[in-house]
Amino acid sequence: MSRAELRDAGVTDADIRAEVRAERWTVHGHQTVATHERALSDTELRWRAVWEIGARVACLDGVSALQAGGLTGFRESTIHVSVVHSHTVKSLAGVRVHKISRRSPGEVLMVGLPRTRPAVAAIRAAHWAVSDRQAALLLILTTQQGLCTPGHLLETSTTVRGRKRRAFVRGVIRDLALGVRSLGELDFARLCRARGLPEPVRQQVREDAQGRAYLDVRWACGLVVEVDGVHHFRGLAPVDDQLRQNRVALTEDTVLRIPNIGLRLHEDEFMEQVAAGLAMRGALAV
């Protein structure tokens, strides 16, 4: 509990000191009192961060706000809180304080642990991430686990802007919100031209006994590239995609699959694979 909560309950500072001397309670900073002597849990550490930095000005933000809201599958030992830049606060071990220019109306959830709403937290977490890969992962996990919708992320990105990797974060959010190949076949063709690769045929129709299949891009030499948006990884879409890919492969075409997010993170590596595929089929001088 915080000292303020204890005072509201009629517990004085003298009472707290007596409990600490009796080794029943433990003080964790200036504002945080544990009514036990065990190590603090993750939730208790987050409360401590807010109370010690300043309950009136600080709230959980970024990945810490997402974790408090239920995010799983991602570990972060540092607790992230945000304060408006005009506030002066002290540093605290294990806590990273982020200064933000302003708070948007309604961005903070005040029920339970004070924390930013998932869409705000996810965008800031992406900007504060240690790499583009981690930034993309946090945005994907937030939508995959239902903490907020891709559309809400896209809407929030118009008002919440970070200082780092702005274009990258906007691109990933757009991919998630549209659920399609936002790079698109035209953009993929641009990447090919930039590397001196022949331009492919886009959206080629392939007829077989099972029906009609649309290939994202294909070269006459038989190399096919499928650029997969996030919708390709939902529900039964991977099964349908694999059936289609197998049908194409049985015609002796070679199919390369490139996740849209992967192309943003590893553009050079994927495009090198495309060049290698063209070279193997004699469509590119080595």
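Modeller: Two residues are in contact when their heavy atoms lie within 4.5 Å. Keep in mind that this is a predicted model.

Colleague: What do contacts in the chain show about residues at least 24 apart?

Modeller: Take contacts between residues at least 6 apart in sequence: 56% of them join residues at least 24 apart. The chain has 286 residues, and 44% of them count as buried. It holds 12 helices and 11 strands.

Colleague: What makes H127 a buried residue?

Modeller: Buried means under 20% relative accessible area. H127 has 5%, so it is buried. H127 belongs to helix α5. Leaving out residues up to four places away in sequence, H127 touches R161, G162, R163, K164, R165, R166 and V169.

Colleague: Why is α5 called mostly covered?

Modeller: Nine of the 11 residues of α5 are buried. Among them are A119, V120, I123, R124 and H127.

Colleague: R165 came up as a partner of H127. How do you know that R165 is buried?

Modeller: The cut-off for buried is under 20%. R165 stands at 18% relative accessibility, so it counts as buried. R165 sits in the loop between α7 and α8. Its phi is near 45 degrees, a positive value in a residue other than glycine.

Colleague: E23 also has a positive phi. What makes E23 exposed?

Modeller: Exposed means over 50% relative accessible area. E23 has 56%, so it is exposed. Its phi is about 60 degrees, and E23 is not a glycine. E23 is found in the loop between α2 and β1.

Colleague: Back to the inside. What makes a set of residues a nonpolar core?

Modeller: The members must be buried residues of listed nonpolar types, joined through side-chain atoms within 4.5 Å. The largest such core has 40 residues, and L71, L139 and L153 touch the most other members. Helices α3, α4, α5, α6 and α8 and strand β4 are the elements that each supply at least two residues. α5 gives the most, with seven residues.

Colleague: Why are nonpolar side chains found together like this?

Modeller: In soluble globular proteins, nonpolar side chains tend to be buried together.

Colleague: Which residues is L139 in contact with?

Modeller: Setting aside neighbours within four places in sequence, L139 is in contact with A122, I123, A126, L153, V169, V172, I173 and L176.

Colleague: How many residues of each class does the lining of the largest pocket have?

Modeller: There are 10 charged, six polar and four nonpolar residues in the lining.

Definitions and conventions. Residues are numbered from 1 along each chain as its sequence is written. This is a predicted model: local features need pLDDT of at least 70, side-chain atom pairs count only at pLDDT 80 or more; totals for chains, interfaces and linings use all residues. Side-chain values use heavy atoms; hydrogens and water are left out. Ala, Val, Leu, Ile, Met, Phe, Trp, Tyr, Cys and Pro count as nonpolar, Asp, Glu, Lys and Arg as charged, and the others, Gly among them, as polar. Helices (H or I, at least four residues) and strands (E, at least two) are DSSP runs, numbered from the N terminus. Buried means under 20% relative accessible area, exposed over 50%, partly exposed in between (1.4 Å probe, protein chains only).
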